[in-house]
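User: I am new to this structure and would like to know what stands behind the terms used for it. Please take me through them one by one.

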Amino acid sequence: MLITREVLKELIMESLAELGGSGRIIDVCKLIWEKYETELRRSGDIFYTWQYDLRWAGQELRKEGKIGLETRRGPWILCSGN
């Protein structure tokens, strides 16, 4: 699998579900790294920017209403119905 920004959105949703519906960004990053390190390493330039791109993907998911925040710097939370 080639990791892209769009794929990172899916991985965030998957990771939050695995974390019980919410998680700090660091916990999401750790889980993605543990499960997809090989794919990240094979995905070209995104290997060097994936944590920045993950934050971009999280922002997009918030705009789409798929995740929310408890506080400005709080954990990401899956929204109802996701």
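User: What is the bridge partner of I67 in β3?

Analyst: In this predicted model, I67 is bridged to L78 of β3.

User: What makes β2 and β3 a pair?

Analyst: Two strands pair if there are at least two bridges between them. β2 and β3 (residues 76-78) have 3 bridges, in the antiparallel sense, so they count as a pair.

User: Why are β1 and β2 called edge strands?

Analyst: The open sheet has the order β1-β3-β2, with antiparallel pairing. β1 (22-23) and β2 (67-69) each pair on one side only. Helix α1 (residues 5-18) lies across β1, β2 and β3, at about 85° to β3.

User: How do you know that E6 and K9 form a salt bridge?

Analyst: The cut-off is 4 Å between a side-chain nitrogen of Lys or Arg and a carboxyl oxygen of Asp or Glu. For E6 and K9 the N to O distance is 3.4 Å, so the contact qualifies as a salt bridge. Both residues lie in helix α1, 3 residues apart, about one turn of the helix. The structure holds 9 salt bridges.

User: What makes R24 a lining residue of the largest pocket?

Analyst: A lining residue needs an atom within 4 Å of a pocket point. R24 is listed in the lining, as are I25, R55 and W76, among others, so R24 has such an atom. The pocket has a volume of about 190 Å³. Its lining divides into 4 nonpolar, 2 polar and 5 charged residues, and helix α3 (residues 46-63) gives the most, with 3 residues.

Note on methods. Residues are numbered from 1 along each chain as its sequence is written. This is a predicted model: local features need pLDDT of at least 70, side-chain atom pairs count only at pLDDT 80 or more; totals for chains, interfaces and linings use all residues. Side-chain values use heavy atoms; hydrogens and water are left out. On a 1 Å grid over the protein atoms alone, a cavity is a set of points where a 1.4 Å probe fits but cannot get out, and a pocket is an open set with protein on both sides within 12 Å along at least five of seven lines; lining residues have an atom within 4 Å of a point. Grid points are joined across faces, edges and corners, and a volume is the space filled by probe spheres set on the points. Helices (H or I, at least four residues) and strands (E, at least two) are DSSP runs, numbered from the N terminus. Ala, Val, Leu, Ile, Met, Phe, Trp, Tyr, Cys and Pro count as nonpolar, Asp, Glu, Lys and Arg as charged, and the others, Gly among them, as polar. Contact means heavy atoms within 4.5 Å. Axes are lines fitted to C-alpha atoms, for helices over the stretch in contact, and angles run from 0 to 180 degrees between N-to-C directions.
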